[in-house]
Amino acid sequence: MKPKTIAELRKYVGKYMIVTFYDENIKQGVLGYTAAFNASYGYRKVGYFTIGNLDFKLSHVKRIEVKE
């Protein structure tokens, strides 16, 4: 499915996901969200979603799948 809003994608934070991007790359892992630029978030970009060491915005996401 394709999430349409940031709020919709934020519902899946903390869950194991398979994310397909528009360039057809696929990343698997636990979805995170960076709410602030500080040590607790690893000094990542604010407002970005994360899987592993990859930061991305909703506009980069083509499709998501939740693995439970």
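Val19 has contacts, meaning heavy atoms within 4.5 Å, with Asn25, Ile26, Lys27, Ile51, Val61, Arg63 and Ile64, leaving aside residues up to four places away in sequence. Before I go on, this is a predicted model, in which local features need pLDDT of at least 70 and side-chain atom pairs count only at pLDDT 80 or more, while totals for chains, interfaces and linings use all residues. Numbering starts from 1 along each chain as its sequence is written, and side-chain values use heavy atoms, with hydrogens and water left out.

Now the core. A nonpolar core here is a set of buried Ala, Val, Leu, Ile, Met, Phe, Trp, Tyr and Cys residues joined through side-chain atoms within 4.5 Å. Buried is under 20% relative accessible area, exposed is over 50%, and partly exposed is in between, with a 1.4 Å probe and protein chains only. The largest core has 13 residues, and Leu9, Val19, Leu31, Phe56 and Ile64 touch the most other members. At least two residues each come from strand 1 (16–21), strand 2 (26–33), strand 3 (49–51) and strand 5 (61–67); strands are DSSP runs of E, at least two residues, numbered from the N terminus. Strand 1 gives the largest share, three residues.

Next, the rings. There are three aromatic pairs in the structure, where rings of Phe, Tyr and Trp (its six-membered ring) pair if their centres lie within 6.5 Å, with planes under 30 degrees apart stacked, over 60 edge-to-face and the rest tilted. Phe21 and Phe56 have ring centres 5.0 Å apart and planes at 75°, so this pair is edge-to-face. Phe21 sits in strand 1 and Phe56 in strand 4, 35 residues apart, so the pair links distant parts of the chain. Both Phe21 and Phe56 are buried. Ring pairs join Phe21, Tyr33, Phe49 and Phe56 into a cluster.

Leu54 also touches Phe21 and Phe49, along with Lys27 and Arg44, again leaving aside residues up to four places away in sequence. Leu54 belongs to strand 4 (residues 54–56) and is partly exposed, at 31% relative accessible area. From Leu54 to Arg44 the C-alpha distance is 9.7 Å, at ten residues apart in sequence.

Last, the loop between strand 2 and strand 3. Is Thr34 buried or exposed? Thr34, in this loop, is buried, with a relative accessible area of 2%. Phe37 lies in the loop between strand 2 and strand 3 too, but counts as exposed because its relative accessibility is 57%.

Definitions and conventions:
Helix = DSSP H or I, 4+ residues; strand = E, 2+ residues; numbered from the N terminus.
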